[in-house]
Amino acid sequence: MENIVELHEVSKVYEMGSEKVMALNNINLSIEKGDFCCLLGTSGSGKSTLLNVMAGLEKPTKGQIIVNGQQVQRMSEKKLAEFRQKNIGFVFQAYNLFPTLTALENVEMPLMFKGIPKPIRQKKAALMLKSVGLGDRLNHKPSQMSGGQQQRVGIARAFIGNPPVVFADEPTGNLDTRTTQEIMRLITTIAKTNNQTLVLVTHETEIAGFVDKIIYIRDGTIEKIEIKDRLKED
Ligand code: ADP
Ligand code: MG
């Protein structure tokens, strides 16, 4: 299988005055095309830092990150922004929607950066929102929607450009148990349908039940990787 994400000897050190925090300590990791995996670990173990360096949101202090064949850590900000638009979707724990924009406008945003004309992107965004169950909320602003609905908008926005990799950082961290199940099913169904790779971060073992591969993170290192045997279930 082809690797879609590779990390070679990646470290990230945060310097706060004279104090240094080693958030990532010499990480080597490969994620294959089509993998559904999660980074599981306690708070402060380095999960978000690891996800952010993979997604090009943060630069590593040391090491190489290859996403879809390209070295992410070497790119200029401009190149990185273009690369992210083409290759990466990101779902945030706190949704990170633009508060003054409607659901439709939020989902249209990635297509706007791609230069897709307004009528086409409106049509696509409306279809995408319909597919996440929000066909009747197109003109609602984030403050007029529940947490679960806002996250559905966040998911629609992450998936609309059909990026090969989608990263999600504690996507259900602010949601109740039932909504968590719905959102997890939604993310995994869309990703599976489109043959996308999914990397999500969680500290909850129940969430790990939705993925095929669990990468255990501890003190900025990979403790172990567990690959589930799906053959028995299919
Ligand atoms: P997790 O997502 O697993 O809770 P993080 O990746 O957010 O963990 O953080 C890993 C470690 O790095 C923690 O000790 C945290 O305090 C530290 N850290 C994270 N971000 C920063 C930052 N911007 N500046 C300084 N320290 C940070
Ligand atoms: Mg985190």
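The chain has six helices and ten strands, where helices (H or I, at least four residues) and strands (E, at least two) are DSSP runs numbered from the N terminus. Its radius of gyration is 18 Å, close to the 17 Å that the globule rule gives for 234 residues, so the chain is as compact as a globular protein of that length. Here the radius is taken over C-alpha atoms, and the rule is 2.2 Å times the number of residues to the power 0.38.

This is a predicted model, so to speak of local features takes pLDDT of at least 70 and side-chain atom pairs count only at pLDDT 80 or more, while totals for chains, interfaces and linings use all residues. Residues are numbered from 1 along each chain as its sequence is written, chains are lettered from A and ligands numbered from 1 in the order in which they are written, and side-chain values use heavy atoms, with hydrogens and water left out.

Some whole-chain numbers:

| Property | Value |
|---|---|
| Box filled by the C-alpha atoms, along the principal axes | roughly 45 × 45 × 40 Å |
| Residues that count as buried | 47% of 234 |
| Accessible surface | about 11800 Å² |

Buried means under 20% relative accessible area, exposed over 50%, and partly exposed in between (1.4 Å probe, protein chains only). The surface figure comes from the Shrake-Rupley method with a 1.4 Å probe.

Now for the inside. The largest nonpolar core has 40 residues, and Val107, Leu129, Val153, Ile155, Phe159 and Leu200 touch the most other members. Such a core is a set of buried Ala, Val, Leu, Ile, Met, Phe, Trp, Tyr and Cys residues joined through side-chain atoms within 4.5 Å. Elements that each supply at least two of its residues include α3 (103–113), α4 (118–131), α5 (147–159) and β8 (197–202). α6 gives the most, with six residues. There's also a second, separate core of 29 residues, with Leu7, Leu24, Ile65 and Ile215 among them.

Leu129 is worth a look: beyond its neighbours within four places in sequence, it is in contact (heavy atoms within 4.5 Å) with residues including Ala103, Leu104, Val107, Leu138 and Val153.

On to α3, where the buried residues are Ala103, Leu104, Asn106, Val107, Glu108, Met109 and Leu111. Their cover includes α4 and α5. Glu108 has 4% relative accessibility, so it counts as buried. Leaving out residues up to four places away in sequence, Glu108 touches Lys118, Arg121, Gln122 and Ala125. After α3 comes Gly115, with a positive phi near 80°.
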